[in-house]
Amino acid sequence: MYLSNRNTLKCLTSIQSKFGKLITRTLFNPFQAKSIVAAKDAHSNLLTDSEHVFEVQHHTVKPKSMDEYELVFNDYTSELLKKHASTGLVHTGSWRVHIGNVRNQYVHIWMYKNFSHLDEFVDYSKQSLISNKLNEHIIQHSNQICLSFSYFGIPQPKSKSDDQSNPNIYEMRSYWLKPGTLIEWGNLWHKGVQYRPDAKVLGVFSQIGELYNVHHMWSYKNFQHRKQMRTNAWAKPGWSENVEYTVPLIRKMESKILVPLKNSPMQ
């Protein structure tokens, strides 16, 4: 009986201790997502400070047609920019999947000035002969219309690696969030992105297509550089807490390693 009571007391003490830590963490942790006063505007307007609109395209290509696809895509990009770069169309970047669930896949990102600018391109692919040639090599394609998180800013072109035989690698981390959690995500990552400022490239959230989908893109010199940058982040005070509060918001996540195409502004 004595042992039973003693174990019960230890259990209660442990529960009280954990509950006390939970209260303290909830009340005083600086990484706790900030509450938003009753929304008087769309969440998208609270998360971005830019009118720019991003189109994220995924092209899955016939494995035997990948070389030809890249040549045709280069012509397609040149044609598109020749006609529309003066209007503000920006080719943010194009990459081939190097490591990921689908190896014969490409990611292309285009930036428009605003939604009115996007309207001008809705039917462009139907008018382009080169686009028809491109489609001959594509098994499946999808796209999303996204807005950028204010804390990532507008992506800037990156120069080629000093070692041409080993180009920079890009990691695209995609997160499918629980509906209603975008504001919390934005609050947390506003702090989280500061742990790897030199590696950040792009951060967007979907508006049309699969919803509550977030894409973060990071740039590294190589895999060893990626490992070191991530290790450094975990060594900094506050990073582990930031991850702890972010994880419960996620339904699914995926990581892809990308290598830039020759005509990509992101090298």
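Colleague: Which backbone oxygen does the side chain of Thr231 reach?

Modeller: The side chain of Thr231 reaches the backbone oxygen of Lys227, at 2.8 Å. This is a predicted model, in which local features need pLDDT of at least 70 and side-chain atom pairs count only at pLDDT 80 or more, while totals for chains, interfaces and linings use all residues. Residues are numbered from 1 along each chain as its sequence is written, and side-chain values use heavy atoms, with hydrogens and water left out.

Colleague: Where is Thr231, and why is it called partly exposed?

Modeller: Thr231 has its place in helix H8, a helix being a DSSP run of H or I with at least four residues and a strand a run of E with at least two, numbered from the N terminus. Its relative accessibility is 39%, so Thr231 counts as partly exposed, since buried means under 20%, exposed over 50%, and partly exposed in between, with a 1.4 Å probe and protein chains only.

Colleague: What makes Pro237 exposed?

Modeller: Pro237 has 76% relative accessibility and therefore counts as exposed. Pro237 lies in the loop between helix H8 (223-235) and helix H9 (239-246), and although Tyr195 is 42 residues away from Pro237 in sequence, the two are 9.7 Å apart in space, C-alpha to C-alpha.

Colleague: Why is His108 called buried?

Modeller: His108, which belongs to strand S3 (residues 105-112), counts as buried because its relative accessibility is 0%. Leaving out residues up to four places away in sequence, the residues that His108 touches include Glu55, Tyr69, Phe73 and Leu261, where contact means heavy atoms within 4.5 Å.

Colleague: What makes the pairing of His108 with Ser94 a polar contact?

Modeller: The side chains of His108 and Ser94 are joined at 2.7 Å, and that value falls within the limit, because a polar contact is a pair of N or O atoms within 3.5 Å, one able to donate a hydrogen and the other to accept it, with residues adjacent in sequence counted only if both atoms are side-chain atoms.

Colleague: Which residues have the most contacts inside the largest nonpolar core?

Modeller: They are Phe149, Trp185 and Val214, in a core of 46 residues, and helix H3 (residues 66-84) gives the most to this core, with six residues. Such a core is a set of buried Ala, Val, Leu, Ile, Met, Phe, Trp, Tyr and Cys residues joined through side-chain atoms within 4.5 Å. Phe149 touches, among others beyond four places in sequence, Leu47, Trp185 and Val214.

Colleague: Which residues lie nearest the centre of the second largest pocket?

Modeller: His58, Gln105, Ser142, Glu210 and Lys256 do, out of 18 lining residues. On a 1 Å grid over the protein atoms alone, a pocket is an open set of points where a 1.4 Å probe fits, with protein on both sides within 12 Å along at least five of seven lines, and lining residues have an atom within 4 Å of a point. Strand S4 gives the most to this lining, with five residues.
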